[in-house]
Amino acid sequence: MTSSESASTAALPAETRFAGLPSAPGKIIAVHLSYESRAAQRGRRPGAPSYFFKPASSVAATGSVVERPGGTELLAFEGEIALVIGAPARRVSREDAWSHIAWVTAANDWGLYDLRGNDKGSNVRNKGRDGYTPLGPRLIDARQVDPAALRLRTWHNGELVQDDTTAGMIFPLAQIVADLSQHLTLEIGDVILTGTPAGASVAVPGDVVEVEVDAPAAGLSTGRLETRVAEGADTFDPALGSLPSVDDRQREEAWGSREAAGLEPESAGLSPELRAKLMEAPVAGLSGILRKRGLNNVSIDGVRSLRPGTKMVGTAKTLRFVPNREDLFRSHGGGYNAQKRVFDSVASGEVIVIEARGERGSGTLGDVLALRAKARGAAGIVTDGGVRDSAAVAEIGVPVFGQGGHPAVLGRKHVPWESDIAVACGGATVLPGDIIVGDDDGVIVIPAAMAEEVVDAALAQEAEDAWIAEQVAAGHPVDGLFPMNAEWRARYEEARAYADR
């Protein structure tokens, strides 16, 4: 299909564009992030729903064409459940909210991530373009379905890529309706797009994306909402406004992961050779060498691995919690707070080090954030506080060292305050970029400038201790051998020289 052919979509008669709806909507309201699976993928879980508007001019019907403008690369699809208002709603309760919904249908919330950065959350340009809100093809009577038992599925070129249910939503559908109604009047025909689960990704010209919403228990379905992708013209005028631009962050979020976007894992700090030596050196040995060099206060005390036998090596990325104060938690605890920003930005090879003042009375992370850390390639997490969902966190695979499990959420004891600063964790000062090493003996902090020297000395000491252990096992007394006197030192040097031949 050519650009001129696809461009005709925007000029279709209203009755054609709005064929999947009872009437043209007065407003379309979309939820930013609403599914647990998407939150885990993004590494940030909102405490309350947030919204943006889409214009009615973006509505299209099944079989429509969506354009990716020339010179852009990140046109992303998002299968969603759409709700159509059947009775005006203003300040309705959660219990009464569903009675104001007349119909349920399928939606595809297309977005052009090349414009997302400059939209700063409003999504006006990247999601408001003509044809970027296909809806339909059929309406499901909301009175005949359980809002907690709707299913959403999306196919990309025939492959099932999204498959989730409203049971997996962070915010139930009724809560979204009730919340919106306390701020504005929802009028008959208005449409609410309720967010997308994990699996949303990028489509290119020639692709076909289909979305279906159904209620399996009721045997009702919207049918498949089909959209084809075509290449459009480059119509951006630099004299009028900012131009499309992309970076690796936008690529990662549009595709769903760095791996899907074809990006190399972000890495931090250590050369492969130094990392390998630190993985070999035990924490006890490193501690001994640091002590010999005058550093006695480098152990993060009181923390243990959730999975015994785990070794952890990485560079520190720091996060600081302050004691909970209700007004401060209201201003700093919700939304995209410091804790979520750290887990969303940790680089491959970094260890998140959390200052929680040794307070074990609440969790300082849980399974969703641990999943995000793993997806980002984090080398580990250290907290001198508690860990929620500790059994699940242990199974995720990213090394986690803490003071044990606790069921309470963050706000019981902590406010996430700031990151990438000096912190005090388990009695040790940790600077961003310090090297963190953990094993069954605990966790130690190594100044980056000393790392090569310290690990080489620790490995040399390990080799020496192993030789001494062999002599003790052979029946020699420890007197004069541990530590070695001049005679035993000479024997050791001779044995080492022989082994190096």
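1. E264 counts as exposed because its relative accessibility is 64%, where exposed means over 50% relative accessible area, buried under 20% and partly exposed in between, with a 1.4 Å probe and protein chains only. E264 lies in the loop between helix 8 (248-255) and helix 9, helices being DSSP runs of H or I with at least four residues and strands runs of E with at least two, both numbered from the N terminus. From C-alpha to C-alpha, E264 and D248 are 9.9 Å apart in space, and 16 residues separate them in sequence.

2. A word on the basis of these points: this is a predicted model, in which local features need pLDDT of at least 70 and side-chain atom pairs count only at pLDDT 80 or more, while totals for chains, interfaces and linings use all residues. Residues are numbered from 1 along each chain as its sequence is written, and side-chain values use heavy atoms, with hydrogens and water left out.

3. In helix 10 (residues 283-292), the buried residues are V283, G285, L286, I289 and L290. They lie on the same side of helix 10 because they cover an arc of only 160 degrees around the axis, the arc being that of the directions from the helix axis to the C-beta atoms. R291 and K292, on the other side of helix 10, are exposed. The cover over the buried residues of helix 10 includes helix 9 (272-280), strand 26 (435-439), strand 27 (442-446) and helix 15 (451-473). After helix 10 comes G294, with a positive phi near 90 degrees.

4. Helix 15 and helix 16 (residues 486-499) pack with their axes 11 Å apart and at an angle of about 110 degrees, which makes helix 15 roughly perpendicular to helix 16, a label that covers 65 to 115 degrees. The contact, meaning heavy atoms within 4.5 Å, is made by A460, A463, E464, W467 and Q471 of helix 15 and by W488, R489, R491, Y492 and A495 of helix 16.

5. The largest nonpolar core has 35 residues, of which I81, L83, W98, V104, L186 and I192 touch the most other members; such a core is a set of buried Ala, Val, Leu, Ile, Met, Phe, Trp, Tyr and Cys residues joined through side-chain atoms within 4.5 Å. Helix 7 gives the largest share of this core, 6 residues. Leaving aside neighbours within four places in sequence, L186 is in contact with residues including K27, I29, I85, V177, L180 and I192.

Terms used
Axes fitted to C-alpha atoms, helices over the stretch in contact; angles between N-to-C directions. Parallel < 35°, antiparallel > 145°, perpendicular 65-115°, else oblique.
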